[in-house]
Amino acid sequence: EENMTDTTNQKRANFSALTPASNGLNRTVPTLVNLKPGAAKKLVIKNFKEKPKLPDNYQQLTWEKLKEAVIAIQLSTSIRYSLEELYQAVENMCNHKMAVDLYSNLKDLTEMHVRANIEQFLADTMDRLIFLKKMNECWLSHCRQMIMIRSIFLYLDRTYVLQNAAVHSIWDMGLDLFRHHIVLNTLVQTRTVEGLLMLIEKERQGDTVDRTLLKSLLRMLSDLQIYQDAFESKFLVATEALYAAEGKRLIQDMEVPEYLHHVD
């Protein structure tokens with residue numbers, strides 16, 4: 001009788017998984033298929049058989065768009081395209097190995113504009129103060145233009161330029177062109193330096209001068225790295241002559257003790 005009871009219990013144990021649970025819920029037994037490792041399907045992404053190709057005239061069309069924007073900046077007119085669209089165009093050209101031509105085209109376009117500005121400074125006669133104001137206006141305008149142009153070509157500046165030590169940054173390229181084609185012109189440089197010395201002399205004599213104009217043009221010479229060669233030596237000579245003349249005048253008008261006190 002005990003053997004029959006044990007056999008009955010074993011059968012119940014073997015089939016208990018198939019019988020409803022006492023709480024009314026069915027119990028699910030995981031199958032061997034569900035437990036098998038690596039059963040999930042893998043997603044395989046295949047490469048294109050051929051790389052997408054740009055249109056044959058992509059470089060020309062894209063440069064024409066960028067060229068139009070640069071000229072609009074130089075002429076202070078509105079730009080038809082958004083800055084984001086222009087920036088993306090530069091990035092695309094750089095990523096498709098067009099950076100060398102892009103930089104060269106930009107430099108040529110900038111140089112053409114800078115060279116055209118020299119004519120206004122070559123008139124036979126021009127008031128010194130008017131000349132200085134024209135020069136300052138031209139310089140500040142050039143700086144504003146190069147800042148905007150660089151913002152469009154920033155990707156070119158941060159990739160191609162940084163990877164080539166011999167290539168000027170876009171900002172330095174603009175400075176170099178302005179220095180070479182305008183300020184290093186003999187007549188322009190002479191008139192600029194003489195005008196600055198005139199303002200300094202007037203201020204020393206007690207006259208009111210445009211100090212903002214004076215500071216801006218002196219900063220221009222410094223930024224263009226010609227302050228020392230073009231201006232400093234002439235400034236020191238003029239200063240020496242000024243104090244020599246003042247000393248000669250004072251020693252004639254004053255007694256020796258009074259003059260020595262003034263010098264101290």
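**Questions on a Helical Protein Model**

From the N terminus on, the elements of the protein run α-α-α-α-α-α-α-α-α-α-α-α. The model is a predicted one.

Visitor: How many helices and strands make up the secondary structure of the protein?

Guide: The secondary structure consists of twelve helices and zero strands.

Visitor: What makes V114 count as buried or exposed?

Guide: Buried means under 20% relative accessible area. V114 has a relative accessible area of 1%, and therefore it is buried. This residue, V114, lies in helix α5, which spans residues 99-116.

Visitor: Which residues is V114 in contact with, leaving aside its neighbours within four places in sequence?

Guide: V114 is then in contact with H142, L177, F178, H181 and I182. A contact requires heavy atoms within 4.5 Å. As for F178, its C-alpha is 6.3 Å in space from that of V114, while the two residues stand 64 apart in sequence.

Visitor: Why is helix α7 called largely enclosed by the rest of the structure?

Guide: Helix α7 covers residues 154-161, and seven of its eight residues are buried, so the description applies. The buried residues are L154, Y155, L156, D157, T159, Y160 and V161.

Visitor: Which helices do the buried residues of α7 pack against?

Guide: These residues pack against α4 (83-95), α5, α6 (128-152) and α8 (170-183).

Visitor: What percentage of the residues of the protein count as buried?

Guide: Of its 264 residues, 32% count as buried. The protein exposes about 19,100 Å², of which carbon and sulfur atoms supply 53%.

Definitions and conventions:
Residues are numbered from 1 along each chain as its sequence is written. This is a predicted model: local features need pLDDT of at least 70, side-chain atom pairs count only at pLDDT 80 or more; totals for chains, interfaces and linings use all residues. Side-chain values use heavy atoms; hydrogens and water are left out. Helices (H or I, at least four residues) and strands (E, at least two) are DSSP runs, numbered from the N terminus. Buried means under 20% relative accessible area, exposed over 50%, partly exposed in between (1.4 Å probe, protein chains only). Accessible areas come from the Shrake-Rupley method with a 1.4 Å probe; for residues, only the protein chains shown count as cover.
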